[in-house]
Amino acid sequence: KMSSSILEQMRGFHEEIELLEQHAVATLLDQTKTHKESIIQTKIVNNCIDKIVDKSKVVLQNYEDTDGSRREEFDSLTGSGLLLFDNFYNKLREVKEYYRNNPNLSPLRPEDLLPTSETVELNFSGEEGHGKFLDLHLFHEKFLNLKYCSIRYTDKSVIDYLTYLDKFHIFDDNSAGKNSAYIQYLKELENYLEDFILRAHPLFDLKIYLEKFDQEFDAKFELGETQWDCNSKLDENNENQELINSNNSNNSINEKKKLTPTELLQNPLFCAACKKLFSKESVYNSHFKGKKHQKAYESYTKSLVNNEPTVIQIKEENNAKKEIFKLEKKVQYLGNELLYDNVIATKNNIETKLARTWEEIQAEKEQEELEEAGEMNEEEEEEEEEQVIGIQNYPVGWDGKPIPYWLYKLHGLGIEYKCEICGNTSYWGRRAFEKHFTEWRHAHGMRCLKIPNTKHFFEITKIKDAIELYKKLKADQGKSVWKNEIDEEFEDNDGNVYNRKTYEDLQRQGII
């Protein structure tokens, strides 16, 4: 729900636009470390720009004031004398009342309007590497199945994927094999390249470049500036082509400007039967009475009866060839100019993969994932260095340099263990503490206490605990000494078993 005041609505839109601009600037100022972070950054900025454009359109409509509501609100604030202030304060009171009734109302923050770096969707396949490489494997397979490819390459095995990357945007003048399947292939390839640019380069204004391409193509095509004669059905008829060429070379008009076959057919001074363009209308009209025209006209009418191509058929085929030629030029423009760096990077990536083993490729992928996760980034390393500098007696490795901090933490070298038996000596780390029980210092302390250094006293560091444990062990050992009266067994005639003392007492009493 928004305020009823148009001026207040416009103020709110201006505030949100300014917040979006500030958010875009702050996002661009953040330093990115990986290509993925760079893509996410540009996507967020692009979303900011889209939101700014949408809100600016609404503000512009209010400024244009087509319905006159903004002008009416201005007029309601005007007046003379005390009436001027009354109108102003009445409107001010209305705005205050609106915000009093909506206390939680505040301008939308960019964080509420835009996805964060954690929620931005990157619609890339694994082969595209977050927009660094092209994924043309599907188009490579389609290209190999085209009649266009079969005509040009008898052995399709020579067109591997790496070779296809070199040739997918290169075309020739030969129209053989350029059928409907070929047109569909070009359209899908064009759509993919345009979509890849929008995904990999969000801030790139592709629309402007495509509009410029269409204008330049149409202008050059009308002038006949093409790589191959995409308008001529007549070039398949050698006799007709020779007549046109000879006419172009002898006619004074064509010396100034060469005409395409389509332009010749559309010219009112061109005779389709004679295949000749006349310079004057009087000469054009008078040539109908000549024998040469009459003979040419007879052969021309026979060709129509024999279903040879008519002017209308030629024009229809010219339009189809123009479509093919435009698609080829656009694919060439996208692949060889706008995506030149991505094509080179894709080729280098494929060559690198071919030179590596599967294990090396997997190791590289894991390393990239670790870098993207930021598990060993520079900030963490700097923090570790600061921690190392603040620790006294920090252990060093075999090369005399301080060991890595993660290794220091793994072995618990920052934990101190003291042993009273060893004279309150400190041991750093669990490994050193356990090892010292078999060393000479601890063994000497146990001998001084007249206690054997056996495994029973492992991890005993207090003198009092060692003495008490030794007494207990001696007591338990005394219980285990052999006593004939108790441990020796006897058996009576009935098979009852007694110890020696009980057996002798029963025997003296005559019971047994």
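Is glutamine 41 buried or exposed? In this predicted model, glutamine 41 is buried, its relative accessible area being 12%, which falls under the 20% cut-off for that class. The residue belongs to helix α2. Leaving aside residues up to four places away in sequence, glutamine 41 touches Thr27, Leu28, Asp30 and Thr32.

Helix α1 spans residues 6–29 and helix α2 spans residues 35–64; their axes come within 9 Å and cross at roughly 160°. Because angles over 145 degrees count as roughly antiparallel, α1 is described as roughly antiparallel to α2. The crossing of the two helices is left-handed. On the α1 side, the contact is formed by Met10, Phe13, His14, Glu16, Ile17, Leu20, Glu21, His23, Ala24, Thr27 and Leu28. On the α2 side, the partners are Gln41, Ile44, Val45, Cys48, Lys51, Ile52, Lys55, Ser56, Val58, Val59, Asn62 and Tyr63. Sorted by class, the residues of this contact comprise 13 nonpolar, 6 polar and 4 charged.

The protein has 512 residues, of which 31% count as buried, and it contains 25 helices and 6 strands. Its accessible surface comes to about 34400 Å², and carbon and sulfur atoms account for 51% of that area. Among contacts between residues at least 6 apart in sequence, 56% join residues at least 24 apart.

Helix α6 contributes Phe139, Lys142 and Phe143 to the contact, while α9 contributes Tyr185, Glu188, Leu189 and Tyr192. The contact of α6 with α9 has 5 nonpolar and 2 charged residues, and no polar ones.

Helix α9 also holds leucine 186. What is the relative accessibility of leucine 186? The value is 0%, so leucine 186 counts as buried. Not counting residues up to four places away in sequence, leucine 186 touches Phe171, Ile324, Leu327, Glu328 and Val331. Leucine 186 and lysine 326 are 140 residues apart in sequence, and their C-alpha atoms lie 10.0 Å apart in space.

Histidine 130 is located in the loop between α5 (110–113) and α6. Its phi is near 55°, a positive value in a residue other than glycine. With 24% relative accessibility, histidine 130 counts as partly exposed. Glutamate 459 lies in the loop between α22 (440–448) and α23 (463–479). Although glutamate 459 is not a glycine, its phi is positive, at about 70°. Glutamate 459 has a relative accessibility of 35% and therefore counts as partly exposed, since that class lies between the 20% limit for buried and the 50% limit for exposed residues.

Methods
Residues numbered from 1 in each chain as written. Predicted model: local features only at pLDDT ≥ 70, side-chain atom pairs only at ≥ 80, totals over all residues. Heavy atoms only, no water. Helix = DSSP H or I, 4+ residues; strand = E, 2+ residues; numbered from the N terminus. Buried < 20%, exposed > 50% of the residue type's maximum accessible area, 1.4 Å probe, protein only. Contact = heavy atoms within 4.5 Å. Areas by Shrake-Rupley, 256 points an atom, 1.4 Å probe, with all protein chains shown as cover. Nonpolar A, V, L, I, M, F, W, Y, C, P; charged D, E, K, R; others polar. Axes fitted to C-alpha atoms, helices over the stretch in contact; angles between N-to-C directions. Parallel < 35°, antiparallel > 145°, perpendicular 65-115°, else oblique. Left-handed = near helix turned anticlockwise from the far one by under 90°.
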